[in-house]
Amino acid sequence: MTTTIENTMTGERADLLESLGKARFFLRFAARGLSDEQAATRSTVSELCVGGLIKHVTAVERQWARFIVEGGSAMSVADDPAAYEAYA
């Protein structure tokens with residue numbers, strides 16, 4: 001006999017995870033096929049580049065994951081540049 005556990009999320013959590021999944025997809029889509037050099041290229045006068053966006057998103061997601069696990073004490077890293085770099 002086989003049992004199946006259905007784990008369907010609904011509500012706000014499901015909406016947030018869906019939005020996060022879409023944002024990750026489009027970021028990966030924008031970076032597909034780019035070399036490291038191309039990802040670091042700034043195509044406008046802005047400091048913005050695809051590689052920089054990926055680094056930023058990674059750092060923000062890591063920080064939120066730490067907040068979920070450690071609570072408010074994880075947010076103090078933002079006040080310490082050396083500690084922030086360790087997690088970036």
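**Figure 1. Glu70 and Arg66 sit about one turn apart in helix H3.** Four residues separate the two along this helix, a helix being a DSSP run (H or I) of at least four residues, numbered from the N terminus. Their side chains form a salt bridge, with the closest N and O atoms 3.1 Å apart; the term asks for a side-chain nitrogen of Lys or Arg within 4 Å of a carboxyl oxygen of Asp or Glu. Arg66 is buried at 13% relative accessibility, while Glu70 is partly exposed at 42% (buried is under 20% relative accessible area, exposed over 50%, partly exposed in between, using a 1.4 Å probe and protein chains only). This is a predicted model, in which local features need pLDDT of at least 70 and side-chain atom pairs count only at pLDDT 80 or more, while totals for chains, interfaces and linings use all residues. Residues are numbered from 1 along each chain as its sequence is written, and side-chain values use heavy atoms, leaving out hydrogens and water.

**Figure 2. A salt bridge joins Glu61 and Arg24.** Here the closest N and O atoms are 2.5 Å apart. The pair links distant parts of the chain, with Glu61 in helix H3 and Arg24 in helix H1, 37 residues apart. Both are partly exposed: Glu61 at 26% relative accessibility and Arg24 at 37%. In total, the structure holds four salt bridges.

Figure 3. Helix H1 (11-31) and helix H3 (50-70) each supply at least two of the lining residues. The pocket's volume is about 210 Å³.

**Figure 4. Trp64 and Phe67 form an edge-to-face aromatic pair.** Their centres are 5.4 Å apart and their planes at 90°; rings of Phe, Tyr and Trp (its six-membered ring) pair if their centres lie within 6.5 Å, with planes under 30 degrees apart called stacked, over 60 edge-to-face and the rest tilted. Trp64 is partly exposed at 47%, and Phe67 is partly exposed at 31%.

Conventions: On a 1 Å grid over the protein atoms alone, a cavity is a set of points where a 1.4 Å probe fits but cannot get out, and a pocket is an open set with protein on both sides within 12 Å along at least five of seven lines; lining residues have an atom within 4 Å of a point. Grid points are joined across faces, edges and corners, and a volume is the space filled by probe spheres set on the points.
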